[in-house]
Amino acid sequence: MSRVGILTCGGDCPGLNAAIRAVTRKLIIGYDYEVLGIKNGYNGLIEGDVQPLSMYSVSGVLPRGGTILGTSSKNPLLLEHGKEAIKENLKRFEIDSLVVIGAKSAIDVAYELSHDGVKCVAIPSTIDNDVLGTDFTIGFDTAVNIATRAIDMVHTTAESHHRIIVVEMMGSSTGWIATYAGLAGGADCILIPEIEFTLDATAELLKKRHKRRKFSIVVVAEGAIPTDVPNFQSVSSKVDALGNTYLCSIGEFVGVELAKRTGMETRVTTLGYIQRGGSPSVPDRILATRLGVAAAEKIKNKEFSVVVGVVGNKIVSTPLENVTDNVKKVNLEMFDTASTFFG
Ligand code: F6P
């Protein structure tokens, strides 16, 4: 009997459990396969930390956020003998193939493992929506809903106090969440990594607007880089106690700088991990279920080293090597549409 391992890797997002459920049920019911859950991303393969998944294991998990398997963002290939430990445990637990649910960093590892004969199928999941080969990643729609709701919520206080409110959103090196939520929330300015901007020009836009409306909502993606601030990167990222670098605080920086340039009262809200929380939206539940079933079918058909995705609402698959070189940048037509309403 074929045995398939499933792991979730990287930043968690709503919809992971829906994907785990879909893969597991399709493999067990559809193809009479055995399924093993691998705990905490690739760590579970390094440490041999696995648990059988049954129909019961995934019962009721569809609407639950997070991941029942746990996750980790650590790259196992950076560990000495990491690849060997993974291959040993794949053999030990008689895992014939892997379903990797994660973002580009998880897919990069799967691609590397595929060179050593590890049979993988990837499912793109991250709130950032920055994975090539799919129009949308699992978790993105839910994050956009959360971020849009946040804009609606700060809109009333900005208007009441005649303030600039800066809202910082996640997205790593892309501005998908900022662009979609900014458009949906009617932001007066959206700052993203894909579009060059200066704080001076942003301030001029807001000062011009304030002749007409005495408040503004400025959405800034965490990876955005103002071009009129030398060596800005040192401002926008921090290193945690374990040495991991993470983006943060561009919102605070932009807030202070805009206040200086406009003379307007300014406040900042950083959405942070709220964007990754809670129950998946209906579109994310549907996307996760469709991609989970598609991944199981790829396993059954022995079509490995691919990432499944949805393009034009059709399920597609893309070779892993076609999505490992770059992240998917924001669709500039969408940004141009949003910019119609700036100022
Ligand atoms: O990749 C998803 C994401 O939420 C990014 O938007 C964010 O920059 C990063 O994860 C945060 O990573 P961590 O959870 O390791 O702090």
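**Helix packing and domain contact in a predicted model**

Let's start with helix 1 and helix 10. Helix 1 covers residues 16-31, and helix 10 covers residues 282-300. Their axes come within 7 Å and cross at roughly 40°. Keep in mind that this is a predicted model. An angle of 35 degrees or less would be another matter for the label, but at roughly 40° helix 1 and helix 10 are therefore oblique to each other. The crossing of helix 1 past helix 10 is right-handed.

Who makes that contact? On helix 1, look for Ala18, Ala19, Arg21, Ala22, Val23, Lys26, Leu27 and Tyr31. On helix 10, the partners are Arg285, Ala288, Thr289, Gly292, Val293, Ala296, Glu297, Ile299 and Lys300. Sorted by class, the contact of helix 1 with helix 10 holds 10 nonpolar, 2 polar and 5 charged residues.

Next pair: helix 5 and helix 6. Helix 5 runs over residues 140-161, helix 6 over residues 176-185. They pack at an angle of about 45°, and their axes lie 8 Å apart. Helix 5 and helix 6 are therefore oblique to each other. Helix 5 passes helix 6 in a right-handed crossing.

From helix 5, the contact takes Phe140, Ala143, Val144, Ala147, Thr148, Ile151, Asp152 and His155. Helix 6 brings Trp176, Ile177, Tyr180, Ala181, Gly182, Ala184 and Gly185. The class count for helix 5 with helix 6 is 10 nonpolar, 4 polar and 1 charged.

Helix 7 is residues 199-209, and helix 9 is 250-262. The packing angle of helix 7 and helix 9 is about 60°, with the axes 9 Å apart. That makes helix 7 oblique to helix 9. Their crossing is right-handed.

Helix 7 uses Leu199, Asp200, Thr202, Ala203, Leu206 and Lys207. Helix 9 answers with Phe253, Val254, Glu257, Leu258, Arg261 and Thr262. By class, the contact of helix 7 with helix 9 splits into 6 nonpolar, 2 polar and 4 charged residues.

Stay by helix 9 for a moment. Where is Ser249? Ser249 sits in the loop between strand 10, residues 245-247, and helix 9. Set aside its neighbours within four places in sequence, and Ser249 is in contact with Glu168, Val235 and Ser236. Now compare the chain with space. Ser249 and Gly343 are 94 residues apart along the chain, and their C-alpha atoms are separated by 24 Å.

Now the domains. The protein is divided into two parts: domain 1 is 3-139 + 280-322, and domain 2 is 143-276. The centres of domain 1 and domain 2, taken over C-alpha atoms, are 33 Å apart. Their contact takes 11 residues from domain 1 and 11 residues from domain 2.

How much area do domain 1 and domain 2 bury between them? About 880 Å², with 51% of it on carbon and sulfur atoms. Which three residues supply 50% of the area that domain 1 buries against domain 2? Asp12, Ile127 and Asp128, and that is more than any other three residues.

Conventions. Residues are numbered from 1 along each chain as its sequence is written. This is a predicted model: local features need pLDDT of at least 70, side-chain atom pairs count only at pLDDT 80 or more; totals for chains, interfaces and linings use all residues. Side-chain values use heavy atoms; hydrogens and water are left out. Axes are lines fitted to C-alpha atoms, for helices over the stretch in contact, and angles run from 0 to 180 degrees between N-to-C directions. Helices (H or I, at least four residues) and strands (E, at least two) are DSSP runs, numbered from the N terminus. Angles under 35 degrees count as roughly parallel, over 145 as roughly antiparallel, 65 to 115 as roughly perpendicular and the rest as oblique. A crossing is left-handed if the near helix is turned anticlockwise from the far one by less than a right angle, and right-handed if clockwise. Contact means heavy atoms within 4.5 Å. Ala, Val, Leu, Ile, Met, Phe, Trp, Tyr, Cys and Pro count as nonpolar, Asp, Glu, Lys and Arg as charged, and the others, Gly among them, as polar. Domain bounds come from an automatic or database domain assignment. Buried area is the accessible area (1.4 Å probe) that two parts lose on being put together, summed over both.
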